Amino acid sequence: MGRSSTTFSGRWRSGKTTVLRVPQTLASRVLEYARALDGEASLAKDPEAVYRTAANVQLDQPINVAAVPHRSPFRYPGGKTWLVPYIRSWLNTLHPRPQLLIEPFAGGGIVGLTAGIERLADHVILVEKDIDVAAVWKVIFSGQAEWLAQTIENFSLTKTNVLATLSRTPKNPRERAFATILRNRVQRGGIMAAGAGLVKNGENGRGLASRWYPQTLAERIRTIASMREHFSFIEGDGIQAIQSYARERGAAFFVDPPYTVAARRLYSHWQIDQRGLFNLLKRVDGNVLLTYDSTVEISDLANEFGFETQAVAMKNTHHAKMTELLVGKDLTWLHHAQSSSLSLAQTAQATLEFPL
Ligand SMILES: C[S@@+](CC[C@H](N)C(=O)[O-])C[C@H]1O[C@@H](n2cnc3c(N)ncnc32)[C@H](O)[C@@H]1O
């Protein structure tokens with residue numbers, strides 16, 4: 001049935017709509033292009049509006065992470081910035097609002113940071129085992145964030161200074177924190193595990209400095225620190241942390257454990273008993289959302305322990321389209337969000353294919 005575009009003009013972010021006639025075979029590509037232009041236009045006005053929640057995304061279309069606020073000082077391999085719209089939908093549908101959001105394998109902590117800063121949970125607990133990554137969180141949450149921010153701003157990034165800093169044994173957590181941030185920015189792919197080489201040509205031929213944005217990093221660190229009463233950090237084992245909070249009804253667990261053969265190359269700590277983890281999470285009182293590479297092994301584990309799964313598209317660090325698996329005890333929130341998003345997509349198709 002034909003629908004008037006004006007009936008649905010609110011679905012486009014750039015303003016009023018009009019009806020175009022295009023060859024049927026080109027309609028979906030033209031529409032895709034128009035959507036991209038519409039997204040870019042509104043991105044310029046309000047960068048956070050495009051992918052506000054899971055209702056604004058299509059499960060088979062990777063999210064453009066440029067439209068999601070980057071709050072972490074890390075560029076983390078396997079980082080979950082792209083998942084933020086889903087996280088908002090998930091936490092917003094939990095009633096009452098979670099008292100605790102626990103991120104037991106925090107890494108760059110984007111999910112916990114977003115939840116804490118956007119007040120999607122009363123309190124956020126980040127847990128990380130890696131001594132270097134842990135140093136950054138300890139320093140930021142323990143009143144030394146300003147030192148870290150200023151040290152970043154004042155660092156003169158030359159190859160000699162980088163090598164000198166990275167070869168020195170840190171004398172205290174804050175020196176370790178600074179070296180970690182630096183390493184994360186100058187090693188290829190943000191990989192911090194031993195053996196990763198330095199960035200060579202980098203972005204726009206900026207070489208070693210191509211991912212070094214001192215002002216931006218300092219600003220992110222200050223923002224997180226300004227809200228530090230909403231965060232706790234535990235240096236230690238994520239599994240133990242889940243056990244400690246297993247009886248908290250008001251807890252939500254966001255679980256992004258190291259997984260796949262690549263984890264060995266990416267992280268210092270990469271061995272996790274995935275089956276044991278599923279078995280533990282099945283029995284916690286709180287809500288649970290896990291995210292994994294989409295594999296048969298994980299689908300089988302999810303089935304065995306009675307979890308629901310949903311495949312979603314994302315782009316990896318090499319911009320290749322990949323499929324990630326969201327796993328939860330109950331993914332109704334995602335299906336609800338999607339049913340409204342589906343009607344948007346259908347409406348848009350109808351506007352092009354059946355103009356009045
Ligand atoms: C997939 S990454 C998490 C990435 C994170 N979600 C982000 O967006 O940046 C997994 C993290 O778990 C950490 N890790 C590995 N084993 C751990 C353990 N037993 N306890 C806590 N953290 C662990 C690794 O050091 C790594 O930082």
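**Reading the fold and the ligand shell**

Reply: Of the protein's 356 residues, 36% are classed as buried, a term that requires 20 or more other C-beta atoms, placed from the backbone, within 10 Å of the residue's own. This is a predicted model, in which local features need pLDDT of at least 70, side-chain atom pairs count only at pLDDT 80 or more, and totals for chains, interfaces and linings use all residues. Residues are numbered from 1 along each chain as its sequence is written.

Me: How many helices and strands does the protein have?

Reply: Helices (H or I, at least four residues) and strands (E, at least two) are DSSP runs, numbered from the N terminus. Here there are 13 helices and seven strands.

Me: In what order do the strands of the sheet lie?

Reply: Two strands pair if DSSP finds at least two bridges between them. The seven strands form an open sheet with mixed pairing, in the order E3-E2-E1-E4-E5-E7-E6. Strand E3 (231-235) and strand E6 (308-315) are at the edges with a single partner strand each, so one side of each has no neighbour in the sheet. Strand E1 (residues 100-103) runs parallel to E2, joined by four bridges, and Glu103 is opposite Leu126 in E2.

Me: Which residues are closest to the ligand?

Reply: A residue is near a molecule if its C-beta atom, placed from the backbone, lies within 6 Å of it. The ligand is surrounded by 23 residues, the closest being Tyr76, Phe105, Gly107, Gly108 and Gly238. Strand E2 (123-128) and helix H9 (238-244) each contribute at least two residues to this shell.

Technical notes:
A residue is buried if 20 or more other C-beta atoms lie within 10 Å of its own, exposed if 12 or fewer, and partly exposed in between; C-beta atoms are placed from the backbone.
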